[in-house]
Amino acid sequence: MSVSKLASSILESPTLRLNEEAAKLRERGEAVIHLGAGEPKNKAPISAILSAAARLNTGDIKYTPTDGISSLKKAIVRYTEENYDKIIGPDNVIVSQGAKQALFNLLYTLVNPQDEVIVFAPYWVSYPEMIKMVYGIPVIVTPEDGTFYPTMKDLEPAVSSYTRAIIVNSPNNPSGVIYPPGFIQQLVEFCEMKGIYLIMDDIYHKLVFDGKTCASAYKFTTKDIELSKVIVINGISKLYGMTGFRIGWTIASRQLVAVMTNVQGQTSTCTSILLQAAAEGALTGLQSAIETLRLTLENNRNVMIQQLRAFNGVKINPPDGTYYCLPDFRAYNKNSVELSNFLLKKALVVTVPGKEFGMEGHLRLSYATTVKDVTQGIERIKWALDPTSPNEIYIGERKLVRDWL
Ligand code: PMP
């Protein structure tokens, strides 16, 4: 088979691969615990379901404008005003198939071949691959002090005349940390001074814990949206637990949205009107769905952290938000791929190797599941790694046998 050099260089999404592996094991009847998932267990908000059902009942399911139906765009304008205190117009919004397609279209629109895009480690697995897919060069900046908090001192040596954009994801997948407002302010000022785009992937921005908030980059720009370098990506997947509805959006200058619309028009025409109707229902309905999900996640996070703190050798930086935490397992194995495979095989627990996020020696554990799965999942990991645990345990009839790494 002959495929393009570029396509053959793109890595498989490890999180999607693990989802498939877990599903296959479950089909075979294995009692797999999935601590790898990037989606919660909730049902979609009723307002979203009713809105999509009403549209379906009309039987009038056709193409929409490429950048989205105007009622959804208006709902996004309102969401931006209410949650970001930022006044924008519908021409500053383009709706895409999830934040993933929004990011890809944006990078395609911004990046020339060999342009560099800076990404902070730990990073969401798709950023480097997407940058490569538009012939750009991902430049990874890893905090020097071993924390998950990058600083301007880490960033500045990585900036060159080829730097086109910086991607920021806070609260962060996979670490769960919120970057301090002072750092966001420095980034905004730096990018606006240097003419570098600052892409804020805000997909988890309201899923934050302990009364913390996530600073909006808009707060620190004095420039009008038409001139500012700040671009915001958001969507319904994570906030409302509506991952399968595939709706995300970009907020940028009118000029940039117009070019992104041409790109999207030539690749996917538009997102489905049914799913746009669902997103509109979610955004305009009762917002308690977000708070319910947030509370569930905070509770699950507390359970997971409590268990991990009692786990000898595991170092944990408690997450401030998202669905995830990224404990350091180097005391057990420095190779996270090996460790993750071992845990899947021996303990039937899905974890995602930190290597995939640019943080070797760590595992990403998701608490976007049930408390029971969080508790039993960590117990099984402990059993598999602790040399003093019994060699065999039973899960129902199924015997798990532990041997050494
Ligand atoms: N950005 C981040 C940081 C994510 O974690 C994800 C989903 N895992 C996305 C973007 C993509 O979200 P969507 O489902 O809207 O495509």
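The largest cavity here has a volume of about 50 Å³. This is a predicted model, where local features need pLDDT of at least 70, side-chain atom pairs count only at pLDDT 80 or more, and totals for chains, interfaces and linings use all residues. Residues are numbered from 1 along each chain as its sequence is written, and side-chain values use heavy atoms, without hydrogens and water.

**Exercise 1.** Find what lines the largest cavity and sort its residues.

*Solution.* 
- Step 1: searching the whole structure turns up one cavity of 30 Å³ or more. (A cavity is a set of points, on a 1 Å grid over the protein atoms alone, where a 1.4 Å probe fits but cannot get out; lining residues have an atom within 4 Å of a point. Volume is the space filled by probe spheres set on the points.)
- Step 2: list the lining, which has Val119, Phe120, Tyr123, Tyr127, Ile167, Val168, Asn169, Asn172 and Tyr179.
- Step 3: sort them, and you get seven nonpolar, two polar and no charged. (Ala, Val, Leu, Ile, Met, Phe, Trp, Tyr, Cys and Pro count as nonpolar, Asp, Glu, Lys and Arg as charged, the others as polar.)
- Step 4: look for strands (DSSP runs of E, at least two residues). S3 (116-120) and S5 (163-169) each give at least two lining residues, and S5 has the largest share, three.

**Exercise 2.** Work out the strand order of the open sheet that holds S9, S12 and S11.

*Solution.* 
- Step 1: S9 (324-325) and S11 (352-353) are the edge strands, each pairing on one side only. (Pairing takes at least two DSSP bridges.)
- Step 2: S9 and S12 (residues 363-366) run antiparallel, joined by two bridges; Cys325 has Leu365 of S12 as its bridge partner.
- Step 3: the order is therefore S9-S12-S11, with antiparallel pairing.

Conventions. On a 1 Å grid over the protein atoms alone, a cavity is a set of points where a 1.4 Å probe fits but cannot get out, and a pocket is an open set with protein on both sides within 12 Å along at least five of seven lines; lining residues have an atom within 4 Å of a point. Helices (H or I, at least four residues) and strands (E, at least two) are DSSP runs, numbered from the N terminus.
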